[in-house]
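Please look through the sequence and the model below before reading on. The paragraphs after it are meant to be read with both in view.

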Amino acid sequence: MKKVIQTCMGCGVTIQSEDPNQFGFVPPHKQAESSEDLLCRRCFRIRHYQEILPIEPNSSDYLQVLSHIAQTDSLIVQVVDLFDFEGSLIPGVHRHIGKNPLYLLANKIDLFPKSTKHAKLKKWVEQSAKENGIFPVGIHLCSAEKGWWIEEALAEINTLRKDRDVYVIGTANVGKSTLINRLLQLEHPITTSRYPGTTLDTIRIPFSDGKAIIDTPGLFRKDRLSEWLTPKELKIVLPSQELKPKIYQLQDQQTLFLGGLSRLDYVQGTQQPFVCYVSNQLRIHRTKRANADQIQQKHLGKMLIPPLTPGQLPEWTRHRIALSGQQKEDIVIAGLGFISTGKENAVIDLWAPKGIKV
Ligand code: GDP
């Protein structure tokens, strides 16, 4: 008799009952019940308890998925996180997807202040995409979470796909699963959660013409701070609501700590504003630069959190930044947020764990 392969309705992984430490585990009696809406233990926990089992990032698997896509004739929808644009890109994406057209969906627009001009933001995405070697056939801003501009996205995808399959790709945590749920309003929503990498295998969701939307797992990028954090810490660091920028008028020889994840030392310059665009939950501490080392030593992992256990992150390294004084500039810390500076000439030291993109 042919063995029926069961898959998890949450993440699409193949169900197994042999090894509780591997993906796709369900207790044997559950598998025997063999219902259509079987959830692996991991998805079950995410769904019901907002809990996650740690998984190892494995980007070589992901590149394999991408290289498969290159062999197909399809439309690629790449989802990026507007709040972490560069950090959520896939390096060399066109190389991986071959000649297939790429449609860029910039998600999480709801995190931006209501006053943000849509057209201006889109222009910025266009420009940034170009600078990063991405040449999309279209760009669309949306919020999968809120359902904003999703119908328009689907209409555009339908026009662009021309009877082809649609592959949805992106780095972990950009909102692919949330988006697909929105697009198709599935009877059984696939697993979405706040934590990176919760979609493990590809999931095929058919269109009426026999083609499909195929959701792929997320790629991990080690140069993003969010990849280093535990689920508990991510709850603090990943913004879930409209950002309330925090403004600090800094004099030189002052320091800002962004939780215990990054530190800005104002080394030299006149007083000017520094606006922090980070999760509303992340606490920022201002202090004198002269006291900063001592405070860091004493309070990292205590008052300065996350991280809850400082040893889990690489040592901090210093990035010396000279502000030209010509215009406002943004200092982006991948996976954390950005700090917008004033227009004064200045020297800044930005500290972040080694390897994190600044
Ligand atoms: P995936 O790893 O790319 O599939 O990402 P998920 O769909 O699991 O989403 C990751 C996290 O981002 C979850 O906490 C979602 O609730 C959140 N998220 C997804 N889309 C949006 C959005 O449009 N706005 C906001 N604020 N959060 C979103």
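Predicted model: local features only at pLDDT ≥ 70, side-chain atom pairs only at ≥ 80, totals over all residues.

Residues are numbered from 1 along each chain as its sequence is written, and side-chain values use heavy atoms, with hydrogens and water left out.

The loop between α9 (289–299) and β12 (316–323) holds Pro-306, and helices (H or I, at least four residues) and strands (E, at least two) are here DSSP runs numbered from the N terminus. The peptide bond from Ile-305 to Pro-306 is cis, with omega near -15°, and the bond that leads from Pro-306 to Pro-307 is also cis, with omega near 5°.

Asp-163 sits in the loop between α6 (150–161) and β4 (165–169), and counts as exposed because its relative accessibility is 58%, where exposed means over 50% relative accessible area, buried under 20% and partly exposed in between (1.4 Å probe, protein chains only). Gln-253, in the loop between β7 (246–250) and β8 (254–258), is partly exposed because its relative accessible area is 38%.

Which cysteines are buried? Cys-142 is buried at 0% relative accessibility, and Cys-276 is buried with a relative accessible area of 0%. A disulfide is a pair of cysteine sulfur atoms within 2.5 Å, and by this rule the count comes to 0.
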